[in-house]
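Visitor: Pick one part of this structure and walk me through it up close, please. I'd like the cut-offs as you go.

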Amino acid sequence: MTTFTHSSKTGVVGAGLIGRAWAMVFARAGLQVKIFDADAKALSACMGHIETLVKDMHAADLVQESPADIIRRITPVSSLAEVCTDVDLIQENIRETVEAKIDIFSQMDALTHKDTILASSTSWLPTSLFTKDLAGRERCLVGHPTNPPYLIPLVEVSPAPWTSEKTTQAAMAFYKLVKQEPVLVRKEIHGFLLNRVQGAVLNEMLNLYEQGFASSEDLDKVMKFGLGLRWSFMGPFETIDLNAPDGVVDYANRYGQTYAEVSKTQADNTWSPQVIAEIERERRQVLEHNQLDARSHWRDRRLMALRRHQKDQPA
Ligand SMILES: NC(=O)c1ccc[n+]([C@@H]2O[C@H](COP(=O)([O-])OP(=O)(O)OC[C@H]3O[C@@H](n4cnc5c(N)ncnc54)[C@H](O)[C@@H]3O)[C@@H](O)[C@H]2O)c1
């Protein structure tokens, strides 16, 4: 199995939001990237998006190399066969259905060298759902990024039971090489780790909102001015380790029983269309629909500032 270095060659399949972001991440780390999309328009548009992105990152002092040098490493190609030829790892980023993933993985398995790692960016689907019948299934896994991966480094590496240990270790090393932070999902689970945690928080927010405890704006403030400040640089386990004088056990002795009682009142949420429409109405009062793009741009700038801050943080 491949040992990844800065001379490794990569392929990106699907040049939408996530595919083009991955291409930028791989090229930023010095690797050669071929990128393919079944939609010729999406393929030709992706280089413009990447150029804007790299220039923004350069202006924010998050890449030091010249944008032109980074962009030069990315080559759009016009067939799946081309992107699959002479590459050490393929990152797949097409639409999120089991059928589409089964189809593309079966084609990639047939078109690539037997040592090429095949990684999917799928947000929810365990590897075993779309690789079961492949001859090369031991070299397939999920490498789920967080959007946008050039600013948020977490990658969830989730192998199937038949993925070889060598493949998993090589993929972990690969994502580290491209300056991401891989975490290993030890057993397959729908939605991996991040989306499950995000789902738990959203369900509770929806319940609190639906039951009339607070407005959507105030619930967002709970994260923005409260939990999110600590959680932006350390996790909830580290947080509780420091929130009682003697660490985790001390914290659990003081508050664990209360959390256990409260958890009995934390119901599932059905994401009712009426409640979602009500939140949409409240959000549109704070942010008009035609301001969504500008606000997304603002969000990316704030993320860039946060990344710069994190880069200065001692280990
Ligand atoms: N958007 C997110 O926030 C996010 C975050 C993490 C992971 N993901 C995952 O990444 C994947 C891609 O999501 P996205 O948001 O980039 O979608 P997108 O719609 O922006 O891009 C998908 C691209 O795939 C192309 N495509 C479709 N079928 C193809 C095929 N057979 N061969 C080649 N190209 C094909 C489409 O033309 C399109 O350009 C999904 O699996 C998604 O779950 C998305």
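Guide: Let's start with rings: those of Phe, Tyr and Trp (its six-membered ring) pair if their centres lie within 6.5 Å, with planes under 30 degrees apart called stacked, over 60 edge-to-face and the rest tilted. This is a predicted model, where local features need pLDDT of at least 70, side-chain atom pairs count only at pLDDT 80 or more, and totals for chains, interfaces and linings use all residues. Residues are numbered from 1 along each chain as its sequence is written, and side-chain values use heavy atoms, leaving out hydrogens and water.

Searching the whole structure turns up eight aromatic pairs, and one aromatic cluster is made of F4, W22, F26, F174 and Y175. W22 is the one to zoom in on. W22 sits in helix α1 (helices are DSSP runs of H or I, at least four residues, and strands are runs of E, at least two, numbered from the N terminus). W22 counts as buried because its relative accessibility is 0%, the cut-off being under 20% relative accessible area, with exposed over 50% and partly exposed in between (1.4 Å probe, protein chains only). Leaving out residues up to four places away in sequence, W22 touches Q91, N93, S121, G143, P145, P149, V155, Y175 and Q180, where contact means heavy atoms within 4.5 Å.

Helix α1 spans residues 17-28 and lies across β1, β2 (32-36), β3, β4, β6 (140-145) and β7 (154-159), at about 170 degrees to β2; axes are lines fitted to C-alpha atoms, for helices over the stretch in contact, and angles run from 0 to 180 degrees between N-to-C directions. The eight strands make an open sheet, ordered β3-β2-β1-β4-β5-β6-β7-β8 with mixed pairing, two strands being paired if DSSP finds at least two bridges between them. At its edges, β3 (74-76) and β8 (181-184) each pair on one side only, and the average twist from one strand to the next is 25 degrees. Strands β1 (residues 9-13) and β4 (residues 89-92) run parallel, joined by four bridges, and V13 has E92 as its bridge partner in β4.

One last stop is T146, in the loop between β6 and β7. T146 is buried too, at 12% relative accessible area. Beyond four places in sequence, T146 touches I152, L154 and L194.
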